[in-house]
Amino acid sequence: MGGAVGMEKVTGLRVAGGGCARVSLGRAERAESHRGRAISAVTPEDRFLESYRAARSAAGALLVPGARKRGPSDVWHRLAVEVPEMSEWAAAFGGYSSLAAAVEDGLPRTVQPQMADDFLWAVGRFLDLVDQRLGVLGPAA
């Protein structure tokens, strides 16, 4: 199977402007890398932040590059609009954006170990759904 059309069959993605499938798969791989970092993170803050980055990268894998319409451009809003069946996930993860930004900026925020673990678990479920949608198998498969 060659070229972008072959990837479209494998992934079920619309290939808009060529290379869309490759970009999506690259973002899915990046998400798996962040999940791996989250699993091995020592602090709850690092576990949470890497989990959030994994979810954000996975969400980006479902979005068509450059196909944005007018309105908010954050990944969670776009996910809810462009992939309506993922809108609950978008709302859930979007609610953590401020905390992720604060932790990333080094602001004093406490992330409880159980919250970081639960968040990592939820992100793992989300990544599995994204992998299924893209037609790829992640490490948890």
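1. What pattern does the chain follow, read along the sequence? The pattern is α-α-α-α-α-α-α. The secondary structure comes to seven helices and zero strands; helices (H or I, at least four residues) and strands (E, at least two) are DSSP runs, numbered from the N terminus.

2. The model is predicted: local features need pLDDT of at least 70, side-chain atom pairs count only at pLDDT 80 or more, and totals for chains, interfaces and linings use all residues. Residues are numbered from 1 along each chain as its sequence is written, and side-chain values use heavy atoms, with hydrogens and water left out.

3. Totals for the chain. Of its 141 residues, 40% are buried, where buried means under 20% relative accessible area, exposed over 50%, and partly exposed in between (1.4 Å probe, protein chains only). The accessible surface comes to about 7,900 Å², and 53% of this surface belongs to carbon and sulfur atoms. Accessible areas come from the Shrake-Rupley method with a 1.4 Å probe; for residues, only the protein chains shown count as cover. Among contacts (heavy atoms within 4.5 Å) between residues at least 6 apart in sequence, 62% join residues at least 24 apart.

4. The largest nonpolar core has 28 residues, and Trp76, Leu79 and Phe126 touch the most other members. A nonpolar core is a set of buried Ala, Val, Leu, Ile, Met, Phe, Trp, Tyr and Cys residues joined through side-chain atoms within 4.5 Å. The elements that give two or more residues to this core are α3 (44-62), α4 (75-82), α5 (87-94), α6 (97-104) and α7 (113-134). Helix α3 provides the largest share, nine residues.

5. Leucine 79 can be followed in detail. Leaving aside residues up to four places away in sequence, leucine 79 touches Ala59, Leu62, Leu63, Pro84, Met86, Ala90 and Phe126. One of these, Phe126, is also among the core residues that touch the most other members.

6. Helix α6 has Ala100, Ala102 and Val103 buried. These three cover an arc of only 165° around the axis, which puts them on the same side of α6; the arc is that of the directions from the helix axis to the C-beta atoms. The cover over the buried residues of α6 includes α3. Just after α6, glycine 106 takes a positive phi of about 80°.

7. Aromatic pairs. The whole structure holds ten aromatic pairs. Rings of Phe, Tyr and Trp (its six-membered ring) pair if their centres lie within 6.5 Å; planes under 30 degrees apart count as stacked, over 60 as edge-to-face and the rest as tilted. The pair of phenylalanine 48 and tyrosine 96 is tilted, because the ring centres are 6.0 Å apart and the planes stand at 55°. Phenylalanine 48 lies in helix α3 and tyrosine 96 in the loop between α5 and α6, so the pair ties together parts that are 48 residues apart in sequence. Phenylalanine 48 is buried, at 0% relative accessibility, whereas tyrosine 96 is partly exposed, at 31%. Both belong to one aromatic cluster, formed by Phe48, Tyr52, Trp76, Trp89, Phe93, Tyr96, Phe119 and Phe126.

8. Salt bridges. The structure has seven salt bridges, each a side-chain nitrogen of Lys or Arg within 4 Å of a carboxyl oxygen of Asp or Glu. In the bridge between arginine 47 and aspartate 117, the closest N and O atoms are 3.1 Å apart. This pair links distant parts of the chain, with arginine 47 in helix α3 and aspartate 117 in helix α7, 70 residues apart. Arginine 47 is buried at 13% relative accessibility, while aspartate 117 is partly exposed at 37%.

9. Which residue forms a salt bridge with glutamate 50? The partner is arginine 53, with the closest N and O atoms 2.8 Å apart. Glutamate 50 is buried at 12% relative accessibility, and arginine 53 is buried with a relative accessible area of 19%.

10. In helix α4, arginine 78 and glutamate 82 lie four residues apart, about one turn of the helix. Their side chains meet in a salt bridge (2.9 Å, N to O). Arginine 78 is buried at 15% relative accessible area, whereas glutamate 82 is partly exposed at 31% relative accessibility. Elsewhere, salt bridges that share partners join Arg37, Glu50, Arg53 and Glu104 into one network.
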